[in-house]
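Visitor: I am new to reading structures. Could you show me how to look at a ligand and its surroundings?

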Amino acid sequence: MAEDILLKIRDAVYEGEDEEAVELAKQALEAGIDPTDIIEKGGVAALDQLGEEFDNLEVFLPEVMLGGDAMKAVINTVTPHMEVGKSAFKGKVIIGTAKGDLHDIGKSLVGTQLATHGYDVVDLGVDISTNKFLEIARAEKADIIAISSLLTTSQYYMEELIKRLDSEGKRDEFYVVIGGGPISAEYAEKIGADGFSRSAQLAVQMVDAISESDKKPGEDLVVRV
Ligand code: B12
């Protein structure tokens with residue numbers, strides 16, 4: 001039963017049928033299916049398939065755009081049903097997608113998961129420059145800067161931000177955590193990030209581990225894949 005609805009959601013997102021996807025997501029919630037499963041097994045699976053087919057020139061940008069819109073509609077439907085963590089305020093996170101990159105679905109999921117697990121999250125949106133990340137993180141007195149990148153051309157800005165902190169002699173000002181399609185643990189280690197994870201759920205575990213450790217920013221890489 002649950003598998004059936006999730007497969008139908010996956011098909012609706014793949015086809016870019018946002019109204020049908022929302023209707024099915026509501027049915028899934030009523031059937032007691034976990035909102036995270038609806039997002040991951042329903043929507044993300046469809047986007048992964050679209051991404052692969054886009055790569056192979058089997059589908060084109062309009063189809064991917066419609067799929068992305070349907071996914072967002074599903075996320076908007078299910079996120080109000082995610083349980084808010086009962087834990088006390090754990091720290092402030094500034095999150096955004098790197099400069100030149102307009103992909104916001106994964107970034108928003110990470111932000112939502114962190115917010116529902118006790119973090120105070122400021123979501124800056126997409127196409128965020130290094131200057132803007134630092135300016136707002138300083139104004140907000142953030143603990144953690146979280147950067148998402150889905151394009152190999154935008155991932156460089158993660159490195160740029162860490163280099164900037166280093167060159168200002170302020171690497172210990174913020175923990176910097178990163179993620180997104182082309183990002184790997186090796187890349188995170190290479191640029192001296194503090195954390196990397198492969199998914200939004202694992203991002204919570206990774207950021208929790210950072211918050212609970214007594215390491216300073218720049219001292220250790222925490223990976224959850
Ligand atoms: C949907 C989509 C789009 C939509 C975006 C809609 C939106 N509002 O976001 C649209 C159609 C607009 C789009 C545009 C483009 N796209 Co696009 N897109 C995708 C697609 C199919 C899915 C991305 C997605 O949302 N996945 C679902 C989410 C949930 O997964 P995720 O982002 O990876 O996030 C998870 C983890 O990575 C992690 N995570 C993510 N961020 C962070 C951050 C932190 C701190 C942490 C800890 C973890 C974390 O947690 C998330 C949740 O579990 C991917 C293919 C793919 N499978 O990734 C291509 C893809 C990313 N796109 C691609 C390309 C090329 C483009 C375009 C350049 C196409 C074009 N010719 O115009 C443009 C770029 C526009 C721009 N300047 O950004 C390529 C990138 C290739 C590359 N390596 O550089 C991909 C890989 C497709 C492909 N196979 O070629 N795209």
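Visitor: Which atom of the ligand is 3.2 Å from the side chain of Asp55?

Guide: A polar contact is a pair of N or O atoms within 3.5 Å. Here an oxygen atom of the ligand is 3.2 Å from an N or O atom in the Asp55 side chain. For Asp104, a polar side-chain atom lies 2.8 Å from a ligand nitrogen, and for Ala200, a backbone N or O atom lies 3.0 Å from a ligand oxygen. This is a predicted model, where local features need pLDDT of at least 70, side-chain atom pairs count only at pLDDT 80 or more, and totals for chains, interfaces and linings use all residues. Residues are numbered from 1 along each chain as its sequence is written, and side-chain values use heavy atoms, leaving out hydrogens and water.

Visitor: How many residues surround the ligand?

Guide: A residue is near a molecule if one of its heavy atoms lies within 4 Å of it. For this ligand there are 37, and the closest are Leu102, His103, Asp104, Ser148 and Thr152.

Visitor: What classes of residue make up the shell around the ligand?

Guide: Ala, Val, Leu, Ile, Met, Phe, Trp, Tyr, Cys and Pro count as nonpolar, Asp, Glu, Lys and Arg as charged, and the others, Gly among them, as polar. The shell holds 19 nonpolar, 11 polar and 7 charged residues.

Visitor: Where does the ligand lie relative to domain 1 and domain 2?

Guide: Domain bounds come from an automatic or database domain assignment. Both domain 1 (2-81) and domain 2 (91-224) give residues to the shell, so the ligand lies between them.

Definitions and conventions:
A polar contact is a pair of N or O atoms within 3.5 Å; within protein, one must be able to donate a hydrogen and the other to accept it, and residues adjacent in sequence count only if both atoms are side-chain atoms.
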